[in-house]
Amino acid sequence: MQKASRLPTIGASRSLAEPKVVVIHAGLECGIIARNYPGMEMISFGPTIEHPPSPDERTNIATVQKFYRFLKASIAKM
């Protein structure tokens, strides 16, 4: 019996909203790792990147702080 995943809630705290689990066209590295480690839980997350890959690619600066807070909270709960 597989135990329940902690990934959707590991970073949740009073200072962060409940994470949304969505599928997007990203996370290539997760796919490569998953091929070699079936069953491993993983996530790919980060600040919002706009217009990738193109000369107009940029990071939405307003999302960097949110990403950083989530990362710190997630690491603290591991």
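**Note on the predicted model**

1. Thr 63 has its place in helix α2, which spans residues 62-77. The model is a predicted one, and the points below should be read accordingly. With a relative accessibility of 18%, Thr 63 counts as buried, because the cut-off for that class is under 20% relative accessible area. Apart from neighbours within four places in sequence, Thr 63 is in contact with Pro 47 and Thr 48.

2. The overall architecture may be stated briefly. The protein has 2 helices and 2 strands, and from the N terminus on these elements follow the order α-β-β-α. Of the 78 residues in the protein, 13% are buried. Among contacts with a separation of 6 or more, 42% are between residues 24 or more positions apart.

3. Which residues of α2 are buried? They are Thr 63, Phe 70, Ala 73 and Ser 74. These residues cover an arc of only 100° around the axis, and they therefore lie on the same side of α2. The other side of α2 carries the exposed residues Gln 65, Ile 75 and Ala 76.

4. A search of the whole structure gives 2 aromatic pairs. One of them joins Phe 45 and Phe 67, with 5.3 Å centre to centre and 55° between the planes, and this pair is tilted. Phe 45 lies in the loop between α1 and β1 (49-50), whereas Phe 67 belongs to helix α2, so the pair ties together parts that are 22 residues apart in sequence.

5. Since Phe 45 is in the loop between α1 and β1 and Phe 70 is in helix α2, the pair ties together parts that are 25 residues apart in sequence. Phe 70 is buried, with a relative accessible area of 15%. Through these ring pairs, Phe 45, Phe 67 and Phe 70 are linked into a cluster.

6. A further point concerns the surface. Where is Ile 33 found? Ile 33 is part of helix α1, which covers residues 28-36. Its relative accessibility of 37% makes Ile 33 partly exposed. Together with Tyr 37 and Met 40, Ile 33 makes a nonpolar surface patch of about 310 Å².

7. In summary, helix α2 holds its buried residues Thr 63, Phe 70, Ala 73 and Ser 74 on the same side. One of these, Phe 70, also belongs to the cluster that ring pairs form with Phe 45 and Phe 67.

Note on methods
Residues numbered from 1 in each chain as written. Predicted model: local features only at pLDDT ≥ 70, side-chain atom pairs only at ≥ 80, totals over all residues. Heavy atoms only, no water. Patch = residues over 30% accessible without salt bridge, like charges linked within 9 Å, V, L, I, M, F, W, Y side chains within 5 Å. Areas by Shrake-Rupley, 256 points an atom, 1.4 Å probe, with all protein chains shown as cover. Salt bridge = Lys/Arg side-chain N within 4 Å of Asp/Glu carboxyl O. Helix = DSSP H or I, 4+ residues; strand = E, 2+ residues; numbered from the N terminus. Buried < 20%, exposed > 50% of the residue type's maximum accessible area, 1.4 Å probe, protein only. Contact = heavy atoms within 4.5 Å. Phe/Tyr/Trp six-rings, centres within 6.5 Å; stacked < 30°, edge-to-face > 60°. Arc of directions from axis to C-beta.
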